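Please read it with the coordinates open beside it.

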Amino acid sequence: MPDLKPETPTIIRTCNIVKHYPIKGGVFLKQIAAVKAVDGVSFSIKQGETLGLVGESGCGKSTLGRAILRLEEPTSGEVYFEGENILTFPPERLRSLRKQMQIIFQDPFSSLNPRKNVFQIIGEPLLIHGMKSREEREQRIQYLLDVVGLRQEVMRRYPHQFSGGQRQRIGIARALALNPKLMVCDEAVSALDVSIRAQVINLLKDLQNEFGLTYLFISHDLSVVEYISDRVAVMYLGKIVEIARSSELYSRPLHPYTQALLSASPLPDPTLKRHRIILKGDVPSPINPPSGCRFHTRCLYAEDVCSRKEPELCDICGDHQAACFFAGSVGTALR
């Protein structure tokens, strides 16, 4: 993990990011409801840090990552990159900002154009952003392939000629092409075999140390997130419910939802057993989330106040934040 000092600058900060998808109906196709995919999320990431983002499928993790990069336009809120609100940027300035912010997609099979070879795939962003010389592009691509552990001979091959791990390495090389500062890793290893997954994770860590990258690492694999992250944010139904240093969150989760998530994660030592917390009911619909705390319909500790008032994400102890009225009393040591 990088040694982050208190004076390390913040590279990305969000303020109440909201992303709603309208649902239209009726004769005139008017909006009748909305899917509240992301509903008021605020956090920050320091330069050189890795923030892991975990939660159940459908909780809004990928939508949040895309909204930060403006691949999805937020409904409201603010995103500050190096102190500037990028949601106010016109298209010309946003295009130049793309050099600084890149994404590694979840599926290495669909994220690469099957009609283009590796030279064209990695070279396209270089060409778009002004590197007109083919010789310069080829030299840069050769360097990037070497960095991600691929031979230079693969430049003339097409995506169908590679394994899943090799395709993801090509995707990483493409993301690195313009020397970005921030990379959003959207389930970047979930489609890979376990052995290949470990190789790619170690590659990402090496690249972070070499290039000073900052990661927003989105995943549902708790063990992978623990290994690569400095801090971890837990998301539930469009909101962040807990943020803490990785070691602190995994050893002493304060939010009941985080406790339930970690209790379902297998331990590497088969002689150790963990008390499994079984949540009642299903995840509520993001179209009509519960009032008050969104987790109260499944929470083991819910009281009347939980259904009436929404808890704020606030400091419980040090830099450990949780959105729960009873976080201090329900926190348990899991290790």
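1. Two strands are taken to pair if DSSP finds at least two bridges between them, and helices (H or I, at least four residues) and strands (E, at least two) are DSSP runs, numbered from the N terminus. In the hairpin of E9 and E10, two residues lie between the strands, and Leu237 takes a positive phi near 50°.

2. On provenance, this is a predicted model, in which local features need pLDDT of at least 70 and side-chain atom pairs count only at pLDDT 80 or more, while totals for chains, interfaces and linings use all residues. Residues are numbered from 1 along each chain as its sequence is written, and side-chain values use heavy atoms, with hydrogens and water left out.

3. An open sheet of eight strands runs in the order E6-E7-E8-E3-E9-E10-E12-E11, and its pairing is mixed. Strand E6 (101-104) and strand E11 (314-317) stand at the edges with a single partner strand each, so one side of each has no neighbour in the sheet. From one strand to the next, the twist averages 25°; here and below, axes are lines fitted to C-alpha atoms, for helices over the stretch in contact, and angles run from 0 to 180 degrees between N-to-C directions.

4. Within this sheet, how many residues of strand E9 are buried? For strand E9 (residues 231-236) the number is six of six, where buried means under 20% relative accessible area, exposed over 50%, and partly exposed in between (1.4 Å probe, protein chains only). In a regular strand the side chains alternate between the two faces of the sheet. Both faces of E9 are covered, with Arg231, Ala233 and Met235 buried on one side and Val232, Val234 and Tyr236 buried on the other.

5. Strand E3 (residues 50-54) runs parallel to E9 and is joined to it by four bridges, with Val232 of E9 as the bridge partner of Gly52. Strand E10 (residues 239-245) pairs with E9 over six bridges in the antiparallel sense, and there Met235 stands opposite Ile240. Elsewhere in the sheet, three bridges join E11 to strand E12 (residues 320-322) in an antiparallel arrangement, with Cys314 paired to Ala322.

6. Helix H1 (residues 61-68) lies across E3, E6, E7, strand E8 (214-218) and E9, running at about 150° to E8, whereas helix H6 (residues 194-211) lies across E3, E6, E7 and E8, at about 155° to E8.

7. A further open sheet has four strands in the order E2-E1-E4-E5, with antiparallel pairing, and its edge strands are E2 (30-46) and E5 (84-85), each of which pairs on one side only. Strand E1 (residues 10-25) pairs with E2 over 13 bridges, and Lys36 in E2 is the bridge partner of His20. The loop between E1 and E2 holds Val27, which counts as exposed at 78% relative accessibility.

8. Helix H3 packs against two other helices. With helix H4 (residues 134-147), H3 (residues 118-128) makes an angle of about 115°, the axes being 10 Å apart. Contact here means heavy atoms within 4.5 Å; Val118, Phe119, Ile122, Gly123, Leu126 and Leu127 in H3 meet residues in H4 that include Arg134, Glu138 and Leu145. With helix H5 (residues 164-176), H3 packs at an angle of about 25°, with the axes 8 Å apart. H3 and H5 are therefore roughly parallel, since angles under 35 degrees count as roughly parallel, over 145 as roughly antiparallel, 65 to 115 as roughly perpendicular and the rest as oblique. In this second contact, Val118, Ile121, Ile122 and Pro125 in H3 meet Ile170, Ala173 and Arg174 in H5.

9. Most residues other than glycine have a negative phi, and most peptide bonds are trans. Glu82, in the loop between strand E4 (76-81) and E5, has a positive phi near 50°, and this residue is partly exposed, with a relative accessible area of 42%. Asn179, in the loop between H5 and strand E7 (182-186), has a positive phi of about 55° although it is not a glycine, and Asn179 is likewise partly exposed, at 46% relative accessibility.
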